[in-house]
Amino acid sequence: MKRSCIVTFHRAVNYGAVLQSFALVFAIRNKLGGYCEILDYRSRFIERYYNPLYLLLPSNWKRLASYIIYNGVLFPQREKMVSFLNNKGCISKETYRTKNELEASLFKYDNFIAGSDQVWSPFAAGFDSVYFLSFVPSTKRKSSYAASIGLAELPANTYEIYHQRLTGFSNYSMRELSGKNIVEKMFPDNIVRVNLDPTLLLSDLEWSSNIDGKAIRNSIKERDGYVLIYCISEHDGLFELARTVANNHLKICYINNRWRKRKGVENNSGCTIDEWLYLFKNASYIVTDSFHGTAFSINYKKQFFVFQEPKNKRVTRIQSLLEQLDIKNRIFQSPIVPSDIQDINYTQVSEKLSALRDDSLDTLRNIIKE
């Protein structure tokens, strides 16, 4: 059996990053019967980024100031989040940090997959070439699955870098149409596919079966009848949208790991992966500005609302997903009135999602095949 490994942001302190890492391993193992694990690459940039001591360096004064001014997060629950992947047996036993260590992994695996998330973004993880599989020679099979650049166009000064890093892939699979267009222009003789984020490869039942009820606090289990907020940016318009959706008769439950707690809502801090999934599964409505918040709203067939800050131009990944499912009217940039709240017809959405899921699994099957 071919042995595949995934290189992705599995150690980022982000619920979506951890869940998409797990989902890709789960899909290859449980849906396709392949051998797969996550290469435990410890990116120097990511490891330093989440080390609070590095905030005190003079070069990080802007980041430290933003934490203080904008109420940032120091991510004390990092190992708690990564432990979800360890408990599921998803991560390689060996840890890799240097080029020599990475090259040692070449003898263990046949297929190398640049996993999903914004692994090809020029603004993520220090633009680390390892996420482009730079350590893998042409004698090995290199592929991407639902990789994201996160932009409609490349910065002009990065074109040659991208061309060099993306040469020699056996399969190109992107998460957004914008990424497909970028790679196709670069390599016109190659087929570039657009595939689902791994979190959407699993059904709601499969996700529910992976929730450990023992890992959920009673205070969270006791909640019912609530509007869930999960956001990347604390924009006042998003909270105003949530209050409109709640319409004075539902509680507002906010997954909030920031230092300062928001008034007028029930703040939930330090949520485990299991608790995060549980809150999405049991919400009455969901308000989010996050891609994975949107993906899990769809997977759990929730009535949801995506808030888009007018100045935010990095929303191509959410727009692409909603357009594929023909529900692009779920994005809001301004306050709404209760009469604007229209229910999503999940019969139609589920049909479209099922077809996209089958197509994505076919792509993944081709990546790991003999």
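What follows is a short tour, from the overall build down to single residues.

## Before you start

This is a predicted model, so keep in mind that local features need pLDDT of at least 70 and side-chain atom pairs count only at pLDDT 80 or more, while totals for chains, interfaces and linings use all residues. Residues are numbered from 1 along each chain as its sequence is written, and side-chain values use heavy atoms, with hydrogens and water left out.

## The whole chain

The protein chain holds 14 helices and 13 strands; here helices (H or I, at least four residues) and strands (E, at least two) are DSSP runs, numbered from the N terminus. Its radius of gyration is 20 Å, close to the 21 Å that the globule rule gives for 370 residues, so the chain is as compact as a globular protein of that length. That radius is taken over C-alpha atoms, and the globule rule is 2.2 Å times the number of residues to the power 0.38. Along the principal axes, the C-alpha trace spans about 60 × 50 × 45 Å.

Of the 370 residues, 56% are buried, where buried means under 20% relative accessible area, exposed over 50%, and partly exposed in between (1.4 Å probe, protein chains only). Take the contacts (heavy atoms within 4.5 Å) with a separation of 6 or more: 75% of them involve residues 24 or more positions apart. The chain exposes about 17,000 Å², with carbon and sulfur atoms supplying 49% of it; accessible areas come from the Shrake-Rupley method with a 1.4 Å probe, and for residues only the protein chains shown count as cover.

## A covered helix: α12

Now find helix α12, residues 291–299. How many of its residues are buried? The count is 9 of 9, and F291, F296 and I298 are among them. At the start of the helix, a side-chain oxygen of S290 comes to within 3.2 Å of the backbone nitrogen of H292.

H292 itself sits in α12 and, at 4% relative accessibility, counts as buried. Its side chain makes a polar contact of 3.2 Å with that of D197. A polar contact is a pair of N or O atoms within 3.5 Å; within protein, one must be able to donate a hydrogen and the other to accept it, and residues adjacent in sequence count only if both atoms are side-chain atoms. Not counting residues up to four places away in sequence, H292 touches G16, Q20, R175, D197, T199 and W276.

## Two positive phi values

Just after α12 comes K301, in the loop between α12 and β12 (303–307). Phi of K301 is near 55 degrees, a positive value in a residue other than glycine. Is K301 buried or partly exposed? K301 is partly exposed, with a relative accessible area of 40%.

D117 also has a positive phi, near 75 degrees. Look for D117 in the loop between β4 (111–114) and β5 (141–144). D117 is buried, with a relative accessible area of 8%.

## Around β4

S105 lies in the loop between α5 (99–104) and β4, and at 0% relative accessibility it counts as buried. A polar atom of its side chain lies 2.5 Å from the backbone oxygen of L102. Leaving aside neighbours within four places in sequence, S105 is in contact with L39, Y96, F112 and F135.

V136, in the loop between β4 and β5, is buried at 5% relative accessibility. Leaving aside its neighbours within four places, V136 is in contact with L106, F112 and K142. V136 and S148 are 12 residues apart in sequence, yet their C-alpha atoms are 20 Å apart in space.

In helix α7 (residues 177–186), the buried residues include S178, I182 and M186. What covers the buried part of α7 includes α6 (159–166), β6 (172–174), β7 (192–194) and α13 (316–324).

R243 belongs to helix α10 (residues 236–246) and is partly exposed, with a relative accessible area of 48%. Beyond its neighbours within four places in sequence, R243 is in contact with N248 and I252. G264 is 21 residues away along the chain, and its C-alpha atom is 9.6 Å from that of R243.
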